[in-house]
Amino acid sequence: MLRYTISRLLQAVIVILVMSLLLYMLIGLMPGDPVENMLEGNPSLTPAVVAQMRALYGVDQPLYIRYGHWLYSALQGDFGYSSVYFRPVLVVLGPAVLQTAKLLVATQVISIPLAMFLGALAARKPGGWMDNFVSLFAFASISLPGFWTSLILIIVFAVKLGWLPASGTPLMTDAALSQQLLHMILPVTVLTFFHVGPLVRYVRASMIETLNSDFIRTARAKGLSETTVLVRHALRNALIPLVTVLALSFGTLFSGALVVETIFGMLGMGKVIYDAISNIDFNLALVGLLLATIVTLLSSLLADLAYAWLDPRIVLK
Amino acid sequence: MTELLRLDHINVDIPIGGGLFRPRAWLQAINDVSLSVAKGETLALVGESGSGKSTLGFVIAGLRKQTAGQVAFNSNRDVEGRKSAVQVIFQDPFSALDPRMTVWEIVSEPLRLKGASSKERFSKSVEALDQVGLPPEAAHRYPHQFSGGQRQRIAIARALVAEPEMIVADEPLSALDVSIQSQVLNLLDDIKRRHGISYIFISHDLGVVRHLSDRVAVLYLGRLMEVASRDDLFETPSHPYTQALLNAIPRIGRGRRKRENILRGEMPSPLAPPSGCVFHTRCPRAQDICSQERPELLPAPGRPTQVSACHFKD
Amino acid sequence: MSIVTAEKPIIRPRGASIWSMRWGRFRRNPIAMISLGFLLILTLACAMAGPIEGAMGINHNSANLYIRFQEPSSRHWLGTDDLGRDVLLRLLFGGRVSIAVGLLATLITAVIGITIGVIAGYVGGKLDSILMRMTDCIIALPLIPLLIVLGAVDLSKIGLSREAATSPAAVFLRIVVIIALVDWTTIARIARAGTMSVRNVDYVRAATVSGASGRYNVFVHILPNIATPLIVAMTLSVGRIILFESTLSFLGFGIVPPTPTWGNMLTNAQELILSAPLLAVYPGILIFATVMAVNFVGDGIRSALDPREDGRH
């Protein structure tokens, strides 16, 4: 098991390095001069130094030299300056990561029990009206465009009804918690809706399979109530692989977060990346994307490890 | 009789496991098997599950490459020479036919691979279907419209259509209902008589083997235990393993089974074969020498055409 | 004839091929049929966008600030937008782009995915491991951010001339290509799984014994037998890709105005929420309805193609 973990970690590191090179190249393909742009945001560089660096690591230098320089600095913790904010990239990203984390944690906290509940209800009576409702719900969640759902919710709840604010964060950054939560209701609702859909389908299928297995029949034969059977035995078994499903869904969650943050004006990682690319802020875009990629890869690595831990056969392959 | 097939010291090793940081283990599926089959002769390969008989059959058919040793077909050592001249019939009639193709397309596939025109392929397939007792209307149907026994016949028709010299039949009756088995068995017998095709008949059912074969080879853990003519094997079995197998055939009203040769224990794992004679762990006659020295395939006393690998053969 | 007596073959009419049975099953699925009908009508309407425009005598792209935000009237069935353009026409033209992207990108995705999946599944070993690692990595990545940066690429930096890089054709192709570049993984996985289950099956072995090459087995035996899940996956892909395209266009990194697409017709919707909320509703409803219909059709195909049903009628 340890060997497997180490091997997967090494692979992950290699993948991250490869991704960083790919992203570096992609970012460089955005309109504008990448090197010039990357040096722009740093207020402490004099024009003479800029000219010097441009000669050493400028666009006319081969790619590997430029990338190598970037990587060297990055490994020492220097990720450059944002050409839009005129601040170090990490300083800009810090609070953004926090903001997105708040959003995603809230989403997960609601989604997981909700998915379990709906999935269990649906699995209880396959073909029943609850099951059909859940299926329709899941269907809608993969057919609706996330950005449009957000807009409609804003129209209905903020504009027409006036119940909820139209933005995701209150104007004052030190607003009371209750205010913050109020503003988060709509964005979290949207994210939850789209996150729960596939989860529910999974829980439902998994539970139906478990419910047909022998040990459930034993439990029922022992005379346990249907609820106990459902919750204590079936649900628990169906949940184990759910962990990996959750870890693998980070990528889609993050994509959704980008859209939601943009529409609701929340300054999270998604919006920062979006703005960075829109405003051609090379350093910020590169590091933001890389960070998102790293977190995604790490969560999928965790999924693999959790799965291997739960099912030893994977390791022996 | 002319020799059709010759196997010389065949070894088949299968790699198991192994990844980035783990060494592979090698499973010795077949170990030092040498055989010869004449034209028109039926050789049966018998043994329990895991004895390697299917693997050997696949090597003969060209589906698996041997790790060591030579396979000579019509004195030709090249695998290409065997293509089509050696055909195969598989055990499971439900996976032997492509469900997306019509019966005539399936049956005539060997001809398609030789470049024949569809007209020719169609007429030859109808002929082949007739030989196995299926009417021409079957040609346009799909496999799922037929029963297991019928599907097996379609598979036999496919094996026949390219006029092969040898057919490797891998447990062709095991998946069929008992009542159908005798029909298909008779069909195979009929074909053998009419076309003079050699069979490599793989089976774990000695009763069936007795009906069809000329010679029998007994395999255990990928090694030959005994090779003899059908009559010699069934009447005067030489190797204790053969004797035990024969004693296990259910017999009704033929008197009590001899107690002495019932097999003990389970077949050892091929990953860890016993030393010396691989059968010694279950052999009622085993002595010290059996775990130290591997016995060679030598003629049984008084019967030069019957060979068996045992230090204490009969 | 020999001593063998033939068992009576089951009498079935000649035309009972698997495909006609499946179409019959699909036909009896009301939701799927309605969805299919809707999609056909929609596609037809969008295809007729040009002639309809000609008949109406107006240009869907030209602004006319005198008639902004008009209510639906007999002249403009759905009213006009913030630049005075006919909403219905723009919806139809937008549909053309969205559907075209959906279909074309699905095709390319399928080609890439099937090729990679079949090769990985058939060859196995190290190649399979490497390809699967690559696939798993891409599956796990957050796609929208990736698509955005791909969409921001300045085409003139990779060799295209200035005009070519900004032409509508280039913009259209770019979005098709970048979506295909990230979306092939689902199909690849399905193709690989299918290939692995078929390549060791007896009828493939029988073909090998008679001299079949790898290419023969792949095209004659494997591909037709893995077609079923692939067809379902490709259908569902269309819906997913339409969602990708509309999201990207909404964010400004897909199809850019003035060419309308359902996505970019919503880009300004946030600002117009107060003045004309309906403008935010129409394009979204179309996206939703189209993708939902595609998903229903895909689900219908999945049940119709279910191999367990093939044994019976």
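## Helix packing and contacts in a predicted model

Colleague: In this predicted model, at roughly what angle do the axes of α11(C) and α13(C) cross?

Modeller: The axes of α11(C) and α13(C) come within 8 Å of each other, and they cross at roughly 170°. Because angles over 145 degrees count as roughly antiparallel, α11(C) is described in relation to α13(C) as roughly antiparallel.

Colleague: How do the residues of the contact of α11(C) with α13(C) divide into nonpolar, polar and charged?

Modeller: On the side of α11(C) the residues include C:Ile231, C:Val232 and C:Thr235, and these belong to a group that meets residues of α13(C), among them C:Ile287, C:Thr290 and C:Arg302. Taken together, the residues of this contact between α11(C) and α13(C) comprise 11 nonpolar, six polar and one charged.

Colleague: Is the crossing of α9(C) and α11(C) left-handed or right-handed?

Modeller: Helix α9 of chain C covers residues 185-199, and its axis comes within 9 Å of that of α11(C), with a crossing at roughly 160°. That angle makes α9(C) roughly antiparallel to α11(C). The contact is made by residues including C:Ile187 and C:Gly194 of α9(C) and C:Asn225 and C:Pro229 of α11(C), and the crossing of the two helices is right-handed.

Colleague: Which helix gives the most to the side of chain C that touches chain A?

Modeller: The contact takes 34 residues from chain C and 37 residues from chain A. On the side of chain C, at least two residues each are supplied by α5, α6, α11, α12 and α13. Of the residues on that side, 26 are nonpolar, six polar and two charged, and the helix that gives the most, with seven residues, is α13(C).

Colleague: Does B:Ala272 count as buried or exposed?

Modeller: B:Ala272 is found in the loop between α9 and α10 of chain B, and its C-alpha lies 38 Å from that of B:Ser182, although the two are 90 residues apart in sequence. A residue counts as exposed if 12 or fewer other C-beta atoms lie within 10 Å of its own, and because B:Ala272 has 8 C-beta neighbours inside 10 Å, B:Ala272 counts as exposed.

How values were computed
Residues are numbered from 1 along each chain as its sequence is written. Chains are lettered from A and ligands numbered from 1 in the order in which they are written. This is a predicted model: local features need pLDDT of at least 70, side-chain atom pairs count only at pLDDT 80 or more; totals for chains, interfaces and linings use all residues. Two residues are in contact if their C-beta atoms, placed from the backbone, lie within 7 Å. Helices (H or I, at least four residues) and strands (E, at least two) are DSSP runs, numbered from the N terminus. Ala, Val, Leu, Ile, Met, Phe, Trp, Tyr, Cys and Pro count as nonpolar, Asp, Glu, Lys and Arg as charged, and the others, Gly among them, as polar. Axes are lines fitted to C-alpha atoms, for helices over the stretch in contact, and angles run from 0 to 180 degrees between N-to-C directions. Angles under 35 degrees count as roughly parallel, over 145 as roughly antiparallel, 65 to 115 as roughly perpendicular and the rest as oblique. A crossing is left-handed if the near helix is turned anticlockwise from the far one by less than a right angle, and right-handed if clockwise. A residue is buried if 20 or more other C-beta atoms lie within 10 Å of its own, exposed if 12 or fewer, and partly exposed in between; C-beta atoms are placed from the backbone.
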